[in-house]
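The sequence and structure are shown first.

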Amino acid sequence: MFENLGERLQNVMGKIKGYGKITEENIGEMTREIRLALLEADVNYKVVKEFINNVKEKALGEEVAKSLKPGEVFVKIVKDELVTLLGGEKQELNLIGNPATLMLVGLQGSGKTTTIAKLSNHLRKKHKKKPLLVACDVYRPAAIEQLEQLGKELGIPVYTEGKKNPVEIAQNAITFAKENGHDYVLIDTAGRLHIDEELMLELKNICDTIHPNEVLLVIDSMTGQDAINVIEGFHQELSLTGAILTKLDGDTRGGAALSIRHLTNVPIKFIGVSEKMDGLEEFYPDRMATRILGMGDLMSIVEKAEQVMDEESAIKAAKKMQKGNFDLEDFLEQLNQIKKLGPLENLLKMIPGASKLGLNKIQINPKDMAHLEAIIQSMTKEERKDPTIIKASRKIRIAKGSGRTVEEVNRLLKQFEQMKTMMKQFKNGKMKMPF
């Protein structure tokens, strides 16, 4: 997500930090580089022009001139302007109502059906309430079946009446939700390959009938500059309340995300960051700005960990580490907890200074973790509790049982011992763990 743009901007910020004095000349040099980086990332040229003018004006002001560290002030100006560009404050969903109704619209191929399933999963996890998915795309082949399959995978019910009138389906679904105690109704609507009158008329009829709390446009971030035209076309007819930008984990230049709010006044409320059902994140303009500038996003890491990890288990494991009692049984449990956080390379990119440390280039093969699990699971409970008893014959048995090699078994045991040694140093040294 924004890797190329991020690297370019971070290089510029690195240069400016080294300047002891800010002048019109070096500001001009820096803003030229920023302008090029933004244009190459497919940010709308009008947005780039306004952004650069704002940065220049503030950077040449008295506050910077009088500062002891003008470079750092310049970085803050760029960051603040990026936050403003991305929408300023985070925009919350309007979930007032019994039930609250959310309608997702978009062109065909934007990932709308997958996104509505992800959104229902997110709402259920965050608010501990009951969502209902509604199949109103009665035109695309297998659209209803796809939604039903996703609902089954998540354990979230799907309301469907087959190929009937979408307006009536939506209306009946709300009645059903009220009768069955559902808190949120999420309506999956039909898309087209392009915006047309027939599509808009149907969507307007649904809106006029059920008056949804939210009308969210799902748009593929790979669409580029045309994303603005798509948003404006839908917004003009439906008064969108927000946008969900999908496929931000792909090879995208990211310009659409940096242009949308400024040009359309439609806030980005969510971003799709992976194909998995938990791969939808709430959009925080300030956090995205710090990610782009290489300042990290530790808050998102903490929030994700709080959502998916067992706090009691984590504290228990940390205490065992501190006492030196951490064994392979505990290690296996923590591996399973870590897997819930999603792709580890995505988390590494959120660490401050990730690009300088080379963490943004790391690719972690999920099979490697699966191999570790297989090796540990092929051990007896006694072996997991006391790995020192694992000698040659046991290693051969474990390797055969896990389908791995003896060398891999040795490597795991060695790494585990190194980790235990490191934890003892924490315990015996000046650094103390906060437990």
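**Confidence**

The model is predicted. Its mean pLDDT is 83, with 79% of residues at 70 or more.

| Element | Residues | Mean pLDDT |
|---|---|---|
| Helix α17, lowest | 354–357 | 54 |
| Strand β4, highest | 184–188 | 98 |

Residues 430–435 have a pLDDT below 50. In the model this stretch makes 11 contacts beyond near neighbours in sequence. Where pLDDT is low, the predicted coordinates should not be read in detail.

**L201**

L201 lies in helix α9, which spans residues 197–210. Is L201 buried or exposed? Its relative accessibility is 51%, and because the cut-off for exposed is over 50%, L201 counts as exposed. L238 falls within the range of helix α10, residues 226–238.

**Helices α10 and α11**

Helix α10 packs against helix α11 (residues 255–264) at an angle of about 35 degrees, and the two axes are 10 Å apart. The crossing of α10 and α11 is right-handed. On the α10 side the contact is formed by A227, I228, I231, E232 and H235. Their counterparts in α11 are A256, S259, I260, L263 and T264. By type, the residues of this contact comprise six nonpolar, three polar and one charged.

Methods. Residues are numbered from 1 along each chain as its sequence is written. This is a predicted model: local features need pLDDT of at least 70, side-chain atom pairs count only at pLDDT 80 or more; totals for chains, interfaces and linings use all residues. Side-chain values use heavy atoms; hydrogens and water are left out. pLDDT is the predictor's confidence in each residue, from 0 to 100. Helices (H or I, at least four residues) and strands (E, at least two) are DSSP runs, numbered from the N terminus. Contact means heavy atoms within 4.5 Å. Buried means under 20% relative accessible area, exposed over 50%, partly exposed in between (1.4 Å probe, protein chains only). Axes are lines fitted to C-alpha atoms, for helices over the stretch in contact, and angles run from 0 to 180 degrees between N-to-C directions. A crossing is left-handed if the near helix is turned anticlockwise from the far one by less than a right angle, and right-handed if clockwise. Ala, Val, Leu, Ile, Met, Phe, Trp, Tyr, Cys and Pro count as nonpolar, Asp, Glu, Lys and Arg as charged, and the others, Gly among them, as polar.
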